[in-house]
Amino acid sequence: MGVPIVLVHGLRLSGSMWRPQVELLSAQGRRVVAPDLPGHGSRRGEAFSLGRAVDTVLGAIDGVGGRALVVGLSLGGFVSIATAGAAPGRVAGLVAASCTAKPAQSLAQLYRIPSVLMERLPDKGAAVNERFHRLTLRDGAADAVLDGGLAVEAATAVIDAVSDMDALSALSAYPGPVWLINGSRDHMRIHEKQFFDACADGRLVNVPRAGHMVSLDQPVNFSRIVGDAADVVSAREAVRAQVEASGGEPGPALGAEG
């Protein structure tokens, strides 16, 4: 079965956005979970903070055995990076997608003003967001996103919370293997070299013909990348177990806490 996989969703969305990956990866015999972050999905109405989001991911990791490959997209990518930096010994590997932009610049410039304007609409922009997803996502991807609901009311608070995050410092604090994944058409690629340079053991993957929602634009390709990452991490976990069984100490390359 290999290393478990925890999937962390994007802004306004929920764990339902990962339906293509859950189906494809579970069919390979992998254990996959996709929790809802505070203020989203089944937890709409709860206050969001970065600390509570990290606690949610750590709770999901504990639920699958205490170590996992953590995969996040957009907001979920930032939360996953924060989790890896805070608790590297519980993150066997990290896949951070569509989040290689410094939050203080990217979120403030691209998302805060539209979110404030949306809040002035009677439905907080729910209809606009639903129409956008139905127009831009294909082959059932829109239903996967919308079935968990759109937490449009949470956007401004989430943006304010994550904008203060030092993503590069959190990433540099994590010694384990990292996959940075971007759609080739994604506007959030602007600092990808700086993110890559911050990784102790990093890989940068650009997916052709995909935008910001790379996991939904190219679900099979994205799932393949995650599956390959899980296989690499699983092999390292096996080596780690052998080292620990022999009384040795796993080194940073195996994901031990620094």
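Author: **The sheet and its surroundings**

A salt bridge joins Asp201 and Arg203, whose closest N and O atoms are 3.3 Å apart; the term denotes a side-chain nitrogen of Lys or Arg within 4 Å of a carboxyl oxygen of Asp or Glu. This is a predicted model, in which local features need pLDDT of at least 70 and side-chain atom pairs count only at pLDDT 80 or more, while totals for chains, interfaces and linings use all residues. Residues are numbered from 1 along each chain as its sequence is written, and side-chain values use heavy atoms, with hydrogens and water left out.

Asp201 counts as buried because its relative accessible area is 18%, whereas Arg203, at 23%, is partly exposed. Here buried means under 20% relative accessible area, exposed over 50%, and partly exposed in between, with a 1.4 Å probe and protein chains only.

The sheet itself may now be described. It is an open sheet of 6 strands in the order S2-S1-S3-S4-S5-S6, paired in the parallel sense. S2 and S6 (201–207) lie at its edges with a single partner strand each, so one side of each has no neighbour in the sheet. Strands (E, at least two residues) and helices (H or I, at least four) are DSSP runs, numbered from the N terminus; two strands pair if DSSP finds at least two bridges between them.

S3 is mostly covered, with 6 of its 6 residues buried. Ala68, Val70 and Gly72 point one way from the strand, and Leu69, Val71 and Leu73 point the other way. S3 pairs with S1 over 4 bridges and with S4 over 6 bridges, each time in the parallel sense. Val70 is the bridge partner of Val6, and Ala96 in S4 is the bridge partner of Gly72.

H2 comprises 14 residues, 50–63, and reaches 20 Å from its first C-alpha to its last, close to the expected 20 Å; the expected span is 1.5 Å times one less than the number of residues. Its buried residues are Leu50, Ala53, Val54, Thr56, Val57, Leu58, Ala60 and Ile61. They pack against strands S1 (5–8), S2 (32–33), S3 (68–73) and S4 (91–97), as well as helices H3 (75–86) and H7 (155–163). After H2 comes Gly65, whose phi is positive, near 120 degrees.

H2 also takes part in a charged pair. Asp62 and Arg90 form a salt bridge in which the closest N and O atoms are 2.8 Å apart. This bridge links distant parts of the chain, since Asp62 lies in H2 and Arg90 in the loop between H3 and S4, 28 residues apart. Asp62 is partly exposed, with a relative accessible area of 44%, and Arg90 is classed as partly exposed at 27%.

Of its 258 residues, 55% count as buried. Among contacts (heavy atoms within 4.5 Å) between residues at least 6 apart in sequence, 73% join residues at least 24 apart. A search of the whole structure finds 13 salt bridges.
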